[in-house]
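Good morning, colleagues. Please look at the sequence and the model as they come up.

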Amino acid sequence: MADAPDNPHQSLAIEASLQGEAYGFVRERLRLPMGLEASFGWLRHPPTLMVVPRWADGRVLLLRRYRPGVGQRLLEFPSGRLAAGETAAQAAVRLLDGLLGPDPGPSAEGADTNPDPHGAEDGPAMAAPWEPLGQLRPNPGYSDEHMALGLVRLGPQRDPLPNDRAEGLLRGDDGSTGQLVSLSPAALDGALASGDEPLDGRTVTAWFLARCRW
Amino acid sequence: MAPLPPPEPSRLLETAAALDARKIRFEINRWQLPNGLEATFGIIRHPGASLAVPVLADGRVVILRQYRFAVASRLLEFPAGTLDEGEDPLTTMERELQEETGYAASRWDALGAMLPCPGYSDEVIHLFLARDLRPLPNPPAGDADEDLEVLLMEPAALDAAIASGDEALDGKSITAWYRARQLLNL
């Protein structure tokens, strides 16, 4: 609907560019649909995903993740870049296995209580189904990043108490490190309402959408 | 839950390269992290911004359909703008609300600070709820490069649009709407 690029801008010239390891930045002269011509800077970013993992007991899994660029430990759902040719559902399995260890597989109980509505396109390895929540543009003012948001209901065979995981469990390409946190929906809502918590826009958006289908 | 950890800035060791573009700057930096490790990555330096959820007396929200070249789409967004140097975020928001929507507000509540992309941008967006709105007979002109349409939406219609799967979702607007709904008890 509204996402259709019915009247996109025109690129007139790339004035300068700077390539980082994972993403690059360009300053480009554009003609906007309204007719105005000007130079704009924007980040060219590979596609990403963020997953809302729901434990069988109803809590959600988050990371307290150190972000060097802002010098703070933010409360975030697991996220990452999509590998070449990888679907969001496959990437979610990779991310969660990286955090929690390999999924021991759906138990009989889990298979009964956790039907897979998207399994046909995800392949037989898809133990925990990916429920798409929406397509986020985390920063549409100066980044072309597309982030797929989805919910994964973890089976009862997963360990719901990974509280012994040490700092440094997760180490991102950007130097970020993280620690696992499990919260009830009410506790997460309370943390986000407290005024003390710096709000990660991607996480709050994913949570808003997950709440719609809780 | 454990109390929020205090800020722990990383130490900037070197800016290997940088590129300026209007209000933002992209730097490739080498950092020393609080745990002693060193890492090199690119980051956008941004002056910060403000965003408001404007709510009319009848409960409808004032929202924009705005063209964004970086994603080649027209997104549903609440009014927002970049801070001028040294500017108080509320002052920015009062100005941007008038320019972008043609309304002024006399009741403001802070909804917190959000980080749209903490992995590659240091931008902080200050969120507000704007109430007691009045239309301006002669609203001030906005920025020349803004391509937007002003809409009035019922909260339920906004919720439905966000959850529909048809919209490319603007993270700062949905974050602000989540916080506004908490404050408004919706």
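I begin with one local detail. Just after helix α1 of chain A, Gly101(A) takes a positive phi of about 90°; helices here are DSSP runs of H or I with at least four residues, strands are runs of E with at least two, and both are numbered from the N terminus.

A word on conventions. This is a predicted model, in which local features need pLDDT of at least 70 and side-chain atom pairs count only at pLDDT 80 or more, while totals for chains, interfaces and linings use all residues. Residues are numbered from 1 along each chain as its sequence is written, and chains are lettered from A and ligands numbered from 1 in the order in which they are written.

Let us take chain A. Chain A contains five helices and 12 strands. Of its 214 residues, 43% are buried, a residue being buried if 20 or more other C-beta atoms lie within 10 Å of its own, exposed if 12 or fewer, and partly exposed in between, with C-beta atoms placed from the backbone. Among the contacts in chain A with a separation of 6 or more, 60% come from residues 24 or more positions apart; two residues are in contact if their C-beta atoms, placed from the backbone, lie within 7 Å.

The domain assignment divides chain A into domain 1 (10–44) and domain 2 (48–211), these bounds coming from an automatic or database domain assignment. Six residues of domain 1 and four residues of domain 2 of chain A make up the contact. On the domain 1 side, these are three nonpolar, one polar and two charged residues. For these classes, Ala, Val, Leu, Ile, Met, Phe, Trp, Tyr, Cys and Pro count as nonpolar, Asp, Glu, Lys and Arg as charged, and the others, Gly among them, as polar.

Chain A also has an open antiparallel sheet of three strands, ordered β1-β2-β3; strands pair if DSSP finds at least two bridges between them. Its edge strands are β1 (10–19) and β3 (37–44), each pairing on one side only. Eight bridges join β2 (residues 24–31) to β3(A), and Arg27(A) has Gly41(A) as its bridge partner in β3(A).

The 13 residues of α1 (residues 88–100) should span 18 Å at 1.5 Å a residue, and the end C-alpha atoms are 18 Å apart, which agrees; the expected span is 1.5 Å times one less than the number of residues. The buried residues of α1(A) include Val93(A), Leu95(A) and Leu96(A). In α5 (residues 201–211), 10 of the 11 residues are buried, so this helix is largely enclosed by the rest of the structure. Among them are Trp207(A) and Phe208(A).

How is chain B divided? Its domains are domain 1 (11–45) and domain 2 (49–184). Their centres, taken over C-alpha atoms, are separated by 29 Å. Five residues of domain 1 are in contact with five residues of domain 2 in chain B.

Now to the interface. Here 61 residues of chain B are in contact with 66 residues of chain A. Helix α3(B) gives the most to the chain B side, with six residues. That side has 38 nonpolar, 11 polar and 12 charged residues.

One sheet crosses between the chains. Five strands form an open, mixed sheet in the order β12(A)-β8(B)-β9(B)-β4(B)-β7(B). At its edges stand β12 of chain A and β7 (80–82) of chain B, each with a single partner strand, so one side of each is left without a neighbour in the sheet.

Finally, α3(B) lies across β12 of chain A together with β4, β7, β8 and β9 of chain B, running at about 110° to β8(B); axes are lines fitted to C-alpha atoms, for helices over the stretch in contact, and angles run from 0 to 180 degrees between N-to-C directions. Why is α3(B) described as largely enclosed by the rest of the structure? The reason is that 10 of its 14 residues are buried, including Trp177(B) and Tyr178(B). After α3(B) comes Asn185(B), whose phi is positive, near 55°.
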